[in-house]
Amino acid sequence: KNNQKISEEEKLILMAQADRKNFQPLYEKYFDKIYWFILKRTGNESLSGDICQQVFFQAMVHLKKYKFKGFPFSSWLYRIALNEVNQYY
């Protein structure tokens, strides 16, 4: 990027895109937010945990396709979470 400072989030994403082993910091940063987002929709803790794991699995698998478009990474995760919840129901 031309002289723009790269954010801490972008660094984490680029590192994880380069090597899946670097996905853990993203998981730790967003797990709670995504879990509560899912729990609000399901009302079931164990189901929410299962769906949340699926969300992060999908995110890890598809991370190479993620593009920076000015939206926070979390909005991408929330979209995956919503898709997973909808698929469940």
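Read along the sequence, the chain runs α-α-α-α. It holds four helices and zero strands. Helices (H or I, at least four residues) and strands (E, at least two) are DSSP runs, numbered from the N terminus. The model is predicted: local features need pLDDT of at least 70, side-chain atom pairs count only at pLDDT 80 or more, and totals for chains, interfaces and linings use all residues. Residues are numbered from 1 along each chain as its sequence is written, and side-chain values use heavy atoms, with hydrogens and water left out.

**Overall dimensions and contacts**

- The C-alpha trace of the chain spans about 45 × 25 × 20 Å along its principal axes.
- The chain has 89 residues, and 38% of them count as buried. Buried means under 20% relative accessible area, exposed over 50%, and partly exposed in between (1.4 Å probe, protein chains only).
- Take the contacts between residues at least 6 apart in sequence: 57% join residues at least 24 apart. Contact means heavy atoms within 4.5 Å.

**Helices α1 and α2**

- α1 and α2 pack at an angle of about 135°, and their axes are 8 Å apart. Axes are lines fitted to C-alpha atoms, for helices over the stretch in contact, and angles run from 0 to 180 degrees between N-to-C directions.
- The two helices α1 and α2 are therefore oblique to each other. Angles under 35 degrees count as roughly parallel, over 145 as roughly antiparallel, 65 to 115 as roughly perpendicular, and the rest as oblique.
- From α1 come Glu9, Leu12, Ile13 and Ala16; from α2 come Pro25, Leu26, Lys29 and Tyr30.
- By type, the residues of this contact of α1 with α2 are six nonpolar, no polar and two charged. Ala, Val, Leu, Ile, Met, Phe, Trp, Tyr, Cys and Pro count as nonpolar, Asp, Glu, Lys and Arg as charged, and the others, Gly among them, as polar.

**Helices α2 and α3**

- Helix α2 covers residues 24-42 and helix α3 residues 45-62; they pack at about 135°, with axes 9 Å apart.
- The crossing of α2 and α3 is right-handed. A crossing is left-handed if the near helix is turned anticlockwise from the far one by less than a right angle, and right-handed if clockwise.
- Residues of α2 in this contact include Tyr30, Phe31, Ile34 and Ile38, while those of α3 include Leu47, Ile51, Cys52 and Phe56.
- The contact of α2 with α3 divides into 13 nonpolar residues, four polar and one charged.

**Helices α3 and α4**

- Helix α4 spans residues 73-88, and its axis comes within 9 Å of that of α3, crossing at roughly 125°.
- α3 and α4 are therefore oblique to each other, and their crossing is right-handed.
- Among the residues in contact are Leu47, Ile51, Ala59 and His62 of α3, and Trp76, Leu77, Ile80 and Tyr88 of α4.
- The residues of the contact of α3 with α4 are 11 nonpolar, three polar and one charged.

**Two residues to look at**

- Gln17 is found in helix α1, residues 8-18. Gln17 is buried, with a relative accessible area of 14%.
- The side chain of Gln17 reaches the backbone oxygen of Leu63 at 2.9 Å. Leaving aside neighbours within four places in sequence, Gln17 is in contact with Leu63, Lys64 and Tyr66.
- Glu45 sits in helix α3. Glu45 counts as exposed, at 59% relative accessibility.
- Not counting residues up to four places away in sequence, Glu45 touches Tyr35 and Leu39.
- Glu45 and Met15 are 30 residues apart in sequence and 31 Å apart in space, C-alpha to C-alpha.

Note on methods: Polar contact = N/O pair within 3.5 Å; in protein donor to acceptor, adjacent residues only side chain to side chain.
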